[in-house]
Amino acid sequence: MEKIELTEGIYWVGVIDWNLRDFHGYTTPRGGTYNSYLIVDEKIALVDTVKSAFADEMFERIKEIVDPRKIDYIISNHVEADHSGSLPEIMKLATNAEVICTEKGKEGLLKYYNIRGNFRTVKTGDELKLGKRTLFFITVPMLHWPDSMATFIKEDKLLLSNDLFGQHFASSFRFDEGAQNPPGYESDVVMEEAAKYYANIFMQFGDMILKKIEEMQKLDITPKMIAPSHGIIWKNPDKILDAYLNWGKGISKQKVLVIYDTMWNSTEIMAKEISRGVSDSDVEASLFHLRRNEWSEIVKEVLESKAILIGSPTLNNDIFPHMSGFLTYLMGLRPKNKIWATFGSYGWAGGAVRAINEKLKSAGNESVESLEVRFRPDEPELAKCYLMGQKIASMVKRA
């Protein structure tokens, strides 16, 4: 196998999962990677492992560089199985290796794998000297598990950032400079996938991310390279750092996102007319039928949009079931600094719009405009839909 070096003596020994299509409910049409890093110094450290099904491939990469039995330290930045799945197997080979993790990390690893070994727990500010290189540990609890931490290699200014700054993206390129615009793609697919990853995993933790970045700056952690646990390695990290700062602050585009479900097309007719009112007001509008689009893709659009309009027909005096489930998912991610509005249709009696408004309110949001029609919208009701789109567009321009 080709040796992939980040810098002298630091290697990528992870794997590419070309066939990954689902990551705990988050769709991954472009596959993914599980990144593991080997640091060869006077002492040898392996930072994270890979999913258990790919252990042999990781071992082969390590063997191209060193005998796995010579590994002195296994740094476990995160308990989740896509990071730690091969830990029991590597511990069988590197029998003298010390496992370095947080206190919560130790608790989780012992619970998951029922393993025995030499564990050392660390917290922010603790260091591990390998020889020429020093590992500096930073705990990042709830980014995105309680056990999470990151590892900074001081001499190289290289941040092994765990899940932060990652993407689910399979590519033969390992670094951002080669993968920004692969052949056949017009857009920056790496940043698209980074946005989707942030939206579906980290959006609810935006304030914590801002505080953690500020803490890292105070600790003089200014990385020249960021190597996350998934996806492309950032040799030019300013782009992703700036994006995380904007996303953490809830900065979004002048864009209106209309998300709807429909039973007999009445709510869809409303959605299209509302969207027309937005676009005729010179504001970008995006329209998503909930059951024809993946939730994780829609959530990426939520991250980037200033106004979110939710539309649903009424079923049994309540929200259409698919929309109800999606709203539970979305509210759990706690989008910030958004303008919300609601609409829908009903036959015998209403209920969906009221229930959506209650769901929004319980999550700390307020609908600025609501519209509900009985059966199919007529011309006056379509005019109200169009006007609603114009009103929302005006609010977006002023925001």
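Start with the aromatic pairs: this predicted model holds 12 of them.

Select Phe 165 and Tyr 244 together. Their ring centres are 4.5 Å apart and the planes meet at 50 degrees, so this pair is tilted. Phe 165 sits in the loop between β15 (158-162) and α5 (176-179), while Tyr 244 belongs to helix α8 (residues 238-249). The pair thus links distant parts of the chain, 79 residues apart.

Is Phe 165 buried or exposed? With a relative accessibility of 3%, Phe 165 counts as buried. Tyr 244 is buried too, at 0% relative accessible area.

Next, select Tyr 197 and Phe 202. This is another tilted aromatic pair, with 6.1 Å from centre to centre and 50 degrees between the planes. Tyr 197 is buried at 1% relative accessible area, and Phe 202 is buried at 0%.

Which residues do the ring pairs link into a cluster? Tyr 26, Phe 165, Tyr 197, Tyr 198, Phe 202, Tyr 244 and Trp 247 are the members.

Two stops remain, each with a charge over a ring. Pick Trp 12 and Arg 174: the arginine lies over the face of Trp 12, 4.6 Å from the ring centre. Then pick Phe 175 and Lys 235, where the charged end of Lys 235 sits over the ring of Phe 175 at 4.3 Å from its centre.

How values were computed:
Residues are numbered from 1 along each chain as its sequence is written. This is a predicted model: local features need pLDDT of at least 70, side-chain atom pairs count only at pLDDT 80 or more; totals for chains, interfaces and linings use all residues. Side-chain values use heavy atoms; hydrogens and water are left out. Rings of Phe, Tyr and Trp (its six-membered ring) pair if their centres lie within 6.5 Å; planes under 30 degrees apart count as stacked, over 60 as edge-to-face and the rest as tilted. Helices (H or I, at least four residues) and strands (E, at least two) are DSSP runs, numbered from the N terminus. Buried means under 20% relative accessible area, exposed over 50%, partly exposed in between (1.4 Å probe, protein chains only). A charge sits over a ring if NZ of Lys or CZ of Arg is within 6 Å of the ring centre and within 35 degrees of the ring normal.
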